[in-house]
Amino acid sequence: MKLLLNNVTLMFPNIVRPNSFEGKITKYDAMLLIPKLDKNQVTKVEKAVQKLLIENDNKALWTDEDKLALKDGDKSQYSNLHHHYTIKANSSKKIPCVGRNREHLDSGEVERIFTNGSCVNAVISFWYQDNDYGNRVNCNLEALQFVKSSDGLIGDPTSAFGTLGEAME
């Protein structure tokens, strides 16, 4: 099930080059932040995850946040994620990224404007994993559209840098 998330905050983007872990290239990825006050989008995301769990007869997984792409930012060690839900989304293919007016952007433009704290619209899809690595709900990042930059989220994303909600205004 594909979902369109509007005006969410982009964090830790690896969308021009895939991420690497222990020297191995993995996937393109990013974290998306949804303010908890955005009840419509939070409900839409929660319903999509719950539907997957019901379809796969695994409602108990809902209580095991370590196995869900959707996480409560209040439980994070990083205070800048508090008051938000976070979604870790990835893709094995390069993620299509467009500008504010849906114009094509080259890799340099994508890298320049899709930065920590950017406000974006995102197309995501949740999927259920059931294999030797266990059961969980993962999220694919299908596409991104730039909405606007954030002045308050420059530099080290793990440092204290103000209220993320300000980036959404």
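Author: Start with β9, which gives the largest share of the lining of the largest pocket, four residues. This is a predicted model. β6, β8 and β9 are the elements that give two or more residues to that lining. The pocket has a volume of about 440 Å³. In total, 17 residues line the pocket. The closest to its centre are K27, D29, K88, N90 and N138. By class, the lining has six nonpolar, five polar and six charged residues.

Now turn to the largest nonpolar core. It holds 39 residues. L32, I87, F114, I124, F126 and L144 touch the most other members. Several elements supply at least two core residues each, including β6 (84-91), β8 (119-131) and β9 (134-148). β1 (2-14), β4 (28-35), α1 (39-55) and α2 (107-113) also each supply at least two. The largest share of the core, six residues, comes from α1.

Take F114 next. Leaving aside neighbours within four places in sequence, F114 is in contact with L10, P13, I15, C97, V98, L105, V120, L144, Q145 and F146. One of these contacts, L144, is also among the residues that touch the most other core members.

C97 is another contact of F114. C97 counts as buried because its relative accessible area is 10%, and the cut-off is under 20%. C119 is buried too, because its relative accessible area is 0%. A disulfide is a covalent bond between the sulfur atoms of two cysteines. The count of disulfides in this model comes to zero.

Conventions: Residues numbered from 1 in each chain as written. Predicted model: local features only at pLDDT ≥ 70, side-chain atom pairs only at ≥ 80, totals over all residues. Heavy atoms only, no water. Core = buried A, V, L, I, M, F, W, Y, C linked by side-chain atoms within 4.5 Å. Buried < 20%, exposed > 50% of the residue type's maximum accessible area, 1.4 Å probe, protein only. Contact = heavy atoms within 4.5 Å. 1 Å grid on protein atoms, 1.4 Å probe; cavity = no way out; pocket = protein on both sides within 12 Å on 5 of 7 lines; lining within 4 Å. Points joined across faces, edges and corners; volume = space filled by probe spheres on them. Nonpolar A, V, L, I, M, F, W, Y, C, P; charged D, E, K, R; others polar. Disulfide = S-S within 2.5 Å.
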